[in-house]
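Dear colleague,

Please find the structure below, handed over for your study.

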Amino acid sequence: MEAGNHSLGAILDDANLTRDRRASQQVYDLLRRAILSLQLVPNRPISEQDVANRLSVSRTPVREAFIRLSEEGLLTSYPQLATVIAPIRMEALLEAQFLREAIECATAERAARIIDEDGIIRLRAVLARHAAALEAERWPEFHLLDEETHRLICEVAGLRGLGRPVEQARGHLDRVRYLTLPEIDTSRRVVAQHTTVVEAICEHRPEDAREAMRVHVRDLLPRLEGLRERYPDFFEEKPQFARRATGR
């Protein structure tokens with residue numbers, strides 16, 4: 001994968017904020033999506049004023065979005081120096097993995113116990129769309145359908161509210177996942193694993209659904225060290241300017 005490192009203008013200049021949603025939420029969504037997809041790469045500086053200017057909004061909603069992203073560990077602020085896109089930290093990855101496995105395995109098991117016919121139709125439909133995105137190599141759509149599958153499993157399990165903490169946990173893992181795209185073998189394995197999970201749920205096999213989900217969410221773990229060696233700048237704990245400042 002070649003990280004985008006897009007200019008902020010290329011990401012934000014064509015964005016149109018609407019009046020039917022809070023500006024801070026829309027700014028947060030735009031920036032979070034760009035960070036997770038590595039359009040904004042780790043350790044890159046980003047300023048509230050620049051974002052506000054490009055979106056034609058005041059700094060208040062931008063500041064609110066920055067605070068939320070910082071709380072998620074996606075931005076790092078160095079007082080009187082800069083705010084930067086946070087590096088990918090191994091500790092955050094392992095914590096996110098632990099949380100995701102605990103929630104999603106239990107959710108898959110519960111979904112298999114209580115799924116109804118409507119849930120079966122919806123799960124199989126999103127699985128078919130995911131497979132189609134793979135075959136067409138539509139990678140942004142492929143990733144969004146990956147997320148949709150997991151959200152839908154929470155919904156089918158009657159635990160829609162868990163989708164948010166799972167999504168936040170996935171955020172740290174998603175940046176690593178984007179480093180593996182577009183690897184055809186990896187992407188095919190994801191769809192195959194989703195198929196195993198979905199069929200176990202739809203066939204009311206809760207123990208199989210739990211195990212299939214466990215296998216799926218652990219798939220990335222053996223590759224973390226190799227990816228850190230391949231993309232060391234993304235995993236670096238501090239940008240160079242911060243280290244120099246610390247030593248003054």
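Helix α2 (residues 23-36) and helix α4 (residues 59-71) cross at roughly 50°, and their axes come within 8 Å of each other. Here, helices are DSSP runs of H or I with at least four residues, numbered from the N terminus. Axes are lines fitted to C-alpha atoms, for helices over the stretch in contact, and angles run from 0 to 180 degrees between N-to-C directions. α2 and α4 are therefore oblique to each other; angles under 35 degrees count as roughly parallel, over 145 as roughly antiparallel, 65 to 115 as roughly perpendicular and the rest as oblique.

Please note that this is a predicted model, in which local features need pLDDT of at least 70 and side-chain atom pairs count only at pLDDT 80 or more, while totals for chains, interfaces and linings use all residues. Residues are numbered from 1 along each chain as its sequence is written, and side-chain values use heavy atoms, with hydrogens and water left out.

The crossing of α2 over α4 is right-handed, a term used when the near helix is turned clockwise from the far one by less than a right angle, left-handed being the anticlockwise case. On the α2 side, the contact (heavy atoms within 4.5 Å) includes V27, Y28 and L31, and on the α4 side V62, F66 and L69 are among the residues involved. By class, this contact has 10 nonpolar, 2 polar and 3 charged residues. Ala, Val, Leu, Ile, Met, Phe, Trp, Tyr, Cys and Pro count as nonpolar, Asp, Glu, Lys and Arg as charged, and the others, Gly among them, as polar.

A second pair is α6 and α7, which pack at an angle of about 165° with their axes 9 Å apart. These two helices are therefore roughly antiparallel, and α6 passes α7 in a left-handed crossing. Among the residues that make the contact are L123 and V126 of α6, and T149, L152 and I153 of α7. The contact of α6 with α7 comprises 10 nonpolar, 3 polar and 6 charged residues.

For α5 and α8, the axes lie 9 Å apart and the packing angle is about 130°. That makes α5 oblique to α8, and their crossing is left-handed.

Which residues touch the most other members of the largest nonpolar core? They are L123 and I201, in a core of 47 residues. Such a core is a set of buried Ala, Val, Leu, Ile, Met, Phe, Trp, Tyr and Cys residues joined through side-chain atoms within 4.5 Å. Buried means under 20% relative accessible area, exposed over 50% and partly exposed in between, with a 1.4 Å probe and protein chains only. Among the elements that give two or more residues to this core are α5 (90-114), α6 (117-136) and α9 (184-202). Another core, of 22 residues, lies apart from it and includes L8, L12, L36 and L69.

Finally, two loop residues deserve a look. Most residues other than glycine have a negative phi. N43, in the loop between α2 and α3 (48-55), has a positive phi of about 75° although it is not a glycine. With a relative accessible area of 14%, N43 is buried. H204, in the loop between α9 and α10, has a positive phi near 60°. H204 counts as partly exposed, at 42% relative accessibility.
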